[in-house]
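Look at the chain below before reading on.

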Amino acid sequence: MQATAYTYDPETRSGSVLLDDGTPVEFGAEAFEAGGLRLLRPGQRVRIETAGEGGARRITLVTLQTF
């Protein structure tokens with residue numbers, strides 16, 4: 001699934017993305033580190049993987065979108 005980076009805190013290595021429908025979804029350091037990224041800037045397109053449904057949905061992986 002694709003999304004747009006919305007926030008990122010380099011101290012905690014966590015942040016949030018906006019799904020294409022505008023829904024914000026937060027991610028923790030585990031998801032960020034699983035993608036092997038060093039930095040994330042708001043506005044970057046990212047690829048995410050999620051687990052769960054509805055309010056229990058969580059991001060398990062954040063990585064840069066490549067074409």
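## Terms and model

A residue is called buried when its relative accessible area is under 20%, exposed when that area is over 50%, and partly exposed in between. Arg-45 has a relative accessible area of 30%, so Arg-45 is partly exposed. The model shown here is predicted.

## The nonpolar core

In soluble globular proteins, nonpolar side chains tend to be buried together. Here the largest nonpolar core has 15 residues. Those with the most contacts inside this core are Val-17, Phe-27, Leu-40, Val-46, Ile-48, Ile-59 and Val-62. Two or more residues each come from β1, β2, β3 (24-27), α1 (29-34), β4 (45-51) and β5 (58-64). The element that gives the most to this core is β1, with 3 residues.

Val-25 is found in strand β3. Its relative accessible area is 8%, so Val-25 is buried. Leaving aside neighbours within four places in sequence, Val-25 is in contact with Gly-15, Ser-16, Val-17, Leu-19 and Ile-59. The C-alpha atoms of Val-25 and Val-46 are separated by 13 Å, and these two residues are 21 residues apart along the chain.

## Phe-27 and the aromatic rings

Is Phe-27 buried or exposed? At 4% relative accessibility, Phe-27 counts as buried. Not counting residues up to four places away in sequence, Phe-27 touches a list of residues that includes Thr-7, Tyr-8, Arg-13, Leu-40, Ile-59 and Val-62. Phe-32 is also on that list, and Phe-32 counts as buried at 0% relative accessibility.

A pair of aromatic rings is described by the distance of the centres and the angle of the planes. The structure holds 2 aromatic pairs. In one of them, the rings of Phe-27 and Phe-32 have centres 6.4 Å apart and planes at 15°, so this pair is stacked. Tyr-8, Phe-27 and Phe-32 form one aromatic cluster.

## Arg-13

Arg-13 is placed in the loop between β1 (2-9) and β2 (14-19). Arg-13 is not a glycine, although it has a positive phi of about 60°. With 26% relative accessibility, Arg-13 counts as partly exposed.

The side chain of Arg-13 meets that of Glu-33 in a salt bridge, with 3.3 Å from N to O. Arg-13 lies in the loop between β1 and β2 and Glu-33 in helix α1, so the pair ties together parts that are 20 residues apart in sequence. Glu-33 has a relative accessible area of 47% and is therefore partly exposed.

## The other salt bridges

Side chains of opposite charge can pair when their charged atoms come close. How many salt bridges does a search of the whole structure find? The search finds 3 salt bridges, and the pair of Arg-13 and Glu-33 is one of them.

Arg-45 forms a salt bridge with Asp-20, and the closest N and O atoms of this pair are 2.9 Å apart. The pair links distant parts of the chain, since Arg-45 is in strand β4 and Asp-20 is in the loop between β2 and β3, 25 residues apart. Asp-20 is exposed, with a relative accessible area of 58%, whereas Arg-45 is partly exposed.

Glu-49 and Arg-47 also meet through their side chains in a salt bridge, at 3.0 Å from N to O. Glu-49 is partly exposed, with a relative accessible area of 38%. Arg-47 is partly exposed as well, with a value of 31%.

Key. Residues are numbered from 1 along each chain as its sequence is written. This is a predicted model: local features need pLDDT of at least 70, side-chain atom pairs count only at pLDDT 80 or more; totals for chains, interfaces and linings use all residues. Side-chain values use heavy atoms; hydrogens and water are left out. Helices (H or I, at least four residues) and strands (E, at least two) are DSSP runs, numbered from the N terminus. Buried means under 20% relative accessible area, exposed over 50%, partly exposed in between (1.4 Å probe, protein chains only). A nonpolar core is a set of buried Ala, Val, Leu, Ile, Met, Phe, Trp, Tyr and Cys residues joined through side-chain atoms within 4.5 Å. Contact means heavy atoms within 4.5 Å. A salt bridge is a side-chain nitrogen of Lys or Arg within 4 Å of a carboxyl oxygen of Asp or Glu. Rings of Phe, Tyr and Trp (its six-membered ring) pair if their centres lie within 6.5 Å; planes under 30 degrees apart count as stacked, over 60 as edge-to-face and the rest as tilted.
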